[in-house]
Amino acid sequence: MPTFTTYDGTELSYRVHGQGEPLICLAGGPMRDAAYLGDLGGLAAHRTLVLPDARGTGASAVPSDPAGYRCDRQVADVEALRAHLGLERVDLLGHSAAGNLAVLYAAAHPERIRSLVLVASVARALGVATTDEDWDRTVEAFAGRDWYPEARAALDTLGPGTPLPRVHEVAAPFTYGRWDAAARAHAADGARQTHWEAALAYHGDGAYDPEPTRRALAGLTAPVLVLAGELDAGPTPARAAEAAAFFPDAELVVQPGAGHYPWIDDAEAFVRPVAAFLDPAVRTVTVDGVRLAHRVAGAEDAPPLVLVHGRGESSLTWAGIVDDLAADHRVYAVDLRGHGLSDRPGGYGFEDFRDELGGFLKALGLAGATVVAHSMGAGAACLLAQDEPGLVGRLVLEEPPAFVPLDPPRPVAERPEGPLAFDWDIVTTTDAQLNAPDPAWRTRLPAITAPTLILAGGPTSHIPQEQLAGLAGAVPGALLVTVEAGHLVHETRPAAFLAALREFGL
């Protein structure tokens, strides 16, 4: 493991996992070996995780002065690591107790913070404390679990004199969203990974002075993500919201069904919002409670153009043509629900995507924008243009579904093995709708008032081309253009795709 030497001569170790820009990840516990963070549920696929072992934990050396275990005195260790890595500014993540360390570092060195992520982080450094009432309410949320009676009985035996290792052991079932084999194994490692003497010193007297810390953070210009587990007691979502309010630019995300270790409870649900937040090319907006990731390119005052991907894809499908379109448009490429870095809330019918697209346009003030949409996304855009014609200025439908009942109907698809980049329920739901679409989706095509271009992929497409011709005939004034490229015209023949759009007047 690589090492560096901090301010008092203590040699500290760190691990490196993943690819991309570095993200320094501070382990909580307090004073637990950073090994428990693992790859943070797969976040290492998006960023290079730099995981330091705090002094006296993991492979790091024990300091000569135990007073150095106190949280505020470890701020200098974080700064020494930053200097060792040669980073002018850092993306910094702190979990649990280490969120305090991350906050104190940001207050002491605001100019060094590019972004700050606080995960299930108690906020003593800000003066926000978890109360006994918070714990009582959280514990009761698990009352229906089969393990609850025994765990609750053990919890009731704890008192002020209970040794810290025993407290952590007994409380463990209530710190995960689900107390399954993975959670039990993760919790069992805690006893050997934690330096208990150092843990007692971490929050010691004098570690925190909340009022000056809050004043210092009032000038922090870096964005902050506060991620809380819905079922976590420390902090509860309400306490996390209190902490978030002390930052000028903070976003609060509450992960459904998660506890204190959200990447263990649901790795994908954890990684999506964190990866989106850390990617400077990605922005988020919430529509009807669903967080939608999207990418933006082009001048702010240029005419707006919205790109809507197909089933199983994401905003990245447009990477080959975005730069060309952004030369004279403000381009917004959205990840629809269940796709890419957006939430996976369920509700994946064409009507849901229609309503979501409309909400996206309204939330960003994009009424009258040009909408360019592919396949499933084109179906949603077609329905939106029928129902709310004022929202769509110009409409480009690339290989849209014609909403003619499939003959023969598609059988129920089997989910492939392994992780997917989208929610599989999208396939089963939309297949059922394609087999038997709502007849109104065709009869209302004449309600579309936006100038419309329908791009067909030719004979190698799986969509019957005569159906697309019929679709074009039903939309008033629609233009049908065929580019022999199959279903993915914008990826297979991007130059021809762009030429068709330019000819259409974009």
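User: What makes the lining of the largest cavity nonpolar, polar or charged, class by class?

Analyst: This is a predicted model. In it, the residues lining the largest cavity divide into 12 nonpolar, 2 polar and 4 charged.

User: What is the space in the second largest cavity, and what lines it?

Analyst: The second largest cavity holds about 80 Å³ of space. It is lined by 13 residues, and Leu118, Ser121, Val122, Ala123 and Ala243 are the closest to its centre. By class the lining has 12 nonpolar residues, 1 polar and no charged ones. Strand E7 (224–229) and helix H10 (237–244) each supply at least two of the lining residues, and the largest share, 3 residues, comes from E7.

User: Why is His95 called buried?

Analyst: His95 has a relative accessible area of 1%. His95 is found in strand E5 (residues 90–95).

User: How do you know that the side chain of His95 makes a polar contact with His260?

Analyst: The side chain of His95 reaches the backbone oxygen of His260 at 2.8 Å. A polar contact needs a pair of N or O atoms within 3.5 Å, one able to donate a hydrogen and the other to accept it. The distance is therefore inside the cut-off.

User: Is Ala250 buried, exposed or in between, and what makes it so?

Analyst: Ala250 is partly exposed, with a relative accessible area of 32%. Buried is under 20% and exposed is over 50%, so a value of 32% falls in between. Ala250 is found in strand E8 (residues 250–255). Its contacts, leaving aside neighbours within four places in sequence, are Val224 and Ala244.

User: How do you know that strands E1 and E2 pair?

Analyst: Strand E1 (residues 3–5) and strand E2 (residues 11–18) are joined by 3 bridges and run antiparallel. Two strands pair if there are at least two bridges between them, so E1 and E2 qualify. Thr5 stands opposite Glu11 in E2. The two strands form a hairpin with 5 residues between them, and Gly9 in the turn has a positive phi of about 90°.

User: What makes E2 and E4 a pair as well?

Analyst: E2 and strand E4 (residues 48–52) are joined by 5 bridges and run antiparallel. The requirement is at least two bridges, so E2 and E4 pair. Within this pair, Val16 has Val50 in E4 as its bridge partner.

User: What is known of the second largest pocket and its lining?

Analyst: The second largest pocket has about 490 Å³ of space. It is lined by 23 residues, with His46, Val271, Arg272, Gly340 and Leu341 nearest its centre. Helix H12 (residues 267–278) gives the most to this lining, with 6 residues.

Notes: Residues numbered from 1 in each chain as written. Predicted model: local features only at pLDDT ≥ 70, side-chain atom pairs only at ≥ 80, totals over all residues. Heavy atoms only, no water. Helix = DSSP H or I, 4+ residues; strand = E, 2+ residues; numbered from the N terminus. Buried < 20%, exposed > 50% of the residue type's maximum accessible area, 1.4 Å probe, protein only. Contact = heavy atoms within 4.5 Å. 1 Å grid on protein atoms, 1.4 Å probe; cavity = no way out; pocket = protein on both sides within 12 Å on 5 of 7 lines; lining within 4 Å. Points joined across faces, edges and corners; volume = space filled by probe spheres on them. Nonpolar A, V, L, I, M, F, W, Y, C, P; charged D, E, K, R; others polar.
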